[in-house]
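User: I would like to learn how to read a fold from its coordinates. Can we go through one feature at a time?

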Amino acid sequence: MKLMDLKKLRSHERTDSSKLKEVFLDLYETGILRQPVLVDEKNLIILDGHHRVKSLKMLGCKIVPAIMIDYNGKKVKVESFSKTLKISKKMVRKAALLANLLPPKTSKHIYNKEVFVNYPLDLLK
């Protein structure tokens, strides 16, 4: 895990306004980020944590704790939240690198380690 500049991270999905409001209010009220984001170490693509990243930006934060992973490796898998849509790592990369964002909650990345950080937002500004 390392602290990453929020400006360098690339999204592959848009955010959902109701989920964004929920995450934003939690961060605003507690002043604590409990979970790092999951990021592809090669292309700096946000794999999990789009709503956290956008909320942190809205709160004036500059950095975020990130678990950096090898997206080509076998430790992370991608599935779709939708039963009718197939998603692949290639589709995720293409969406991020071309800035042609997928709809909110298109992909679900499965990574075997769940990490909690309890990072005060003041330290992320």
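**Reading a buried residue**

Analyst: Start with one residue. Alanine 96 counts as buried because its relative accessibility is 7%, and the cut-off for buried is under 20%. Keep in mind that this is a predicted model.

User: Where does alanine 96 lie, and which residues does alanine 96 touch?

Analyst: Alanine 96 is part of helix α3 (residues 89-97). Leaving aside residues up to four places away in sequence, alanine 96 touches Arg10, Ser11, His12 and Ile45.

User: How far apart are the C-alpha atoms of alanine 96 and asparagine 118?

Analyst: They are separated by 28 Å. Along the chain, the two residues are 22 places apart.

User: Next, helices. How many residues does α1 have, and what span does α1 reach?

Analyst: Compare the span with the expected one. Helix α1 covers residues 17-30, which is 14 residues. From first C-alpha to last, α1 reaches 20 Å, close to the 20 Å expected at 1.5 Å a residue. Just after α1 comes glycine 31, with a positive phi of about 70°.

User: Which residues of α1 are buried, and which are exposed?

Analyst: Leu20, Val23 and Leu27 are the buried ones. These residues sit on the same side of α1, because they cover an arc of only 70° around the axis. The other side of α1 carries exposed residues: Ser17, Ser18, Lys21, Tyr28 and Glu29.

User: What covers the buried residues of α1?

Analyst: Look for neighbouring elements in contact. The cover includes β2 (32-33), α2 (50-58) and α4 (121-124). Take leucine 27 as a case. Beyond residues up to four places away in sequence, leucine 27 touches Ile32, Leu33, Arg52, Ser55, Leu56, Leu59 and Leu121.

User: Now the sheet. What is the order of its strands?

Analyst: First the general idea. Strands of a sheet pair through backbone hydrogen bonds, and the pairing is either parallel or antiparallel. Here an open sheet of 4 strands runs in the order β1-β5-β3-β4, with mixed pairing. β1 (2-5) and β4 (46-48) are the edge strands, each pairing on one side only. From one strand to the next, the twist averages 55°.

User: Is the pairing of β3 with β5 parallel or antiparallel, and what about β1 with β5?

Analyst: Strand β3 (residues 37-40) pairs with strand β5 (residues 63-69) in the parallel sense, over 4 bridges. β1 and β5 pair in the antiparallel sense, also over 4 bridges. Alanine 66 shows both pairings. Alanine 66 in β5 is the bridge partner of valine 37, and lysine 2 stands opposite alanine 66.

User: How many residues of β5 are buried, and which helix lies across β5?

Analyst: β5 is mostly covered, with 6 of its 7 residues buried. The helix is α2, which lies across β3, β4 and β5 and runs at about 115° to β4.

User: Last, the core. Which residues have the most contacts inside the largest nonpolar core?

Analyst: That core has 18 residues, and those with the most contacts inside it are Leu6, Leu9, Leu27, Leu33, Leu56, Val64 and Leu121. At least two residues of this core come from each of α1, β3, α2, β5 and α4. β5 gives the most, with 3 residues. There is also a second, separate core of 13 residues, including Ile69, Ile87, Ala95 and Leu102.

Methods: Residues are numbered from 1 along each chain as its sequence is written. This is a predicted model: local features need pLDDT of at least 70, side-chain atom pairs count only at pLDDT 80 or more; totals for chains, interfaces and linings use all residues. Side-chain values use heavy atoms; hydrogens and water are left out. The expected span of a helix is 1.5 Å times one less than its number of residues. Buried means under 20% relative accessible area, exposed over 50%, partly exposed in between (1.4 Å probe, protein chains only). The arc is that of the directions from the helix axis to the C-beta atoms. Contact means heavy atoms within 4.5 Å. Two strands pair if DSSP finds at least two bridges between them. Axes are lines fitted to C-alpha atoms, for helices over the stretch in contact, and angles run from 0 to 180 degrees between N-to-C directions. A nonpolar core is a set of buried Ala, Val, Leu, Ile, Met, Phe, Trp, Tyr and Cys residues joined through side-chain atoms within 4.5 Å.
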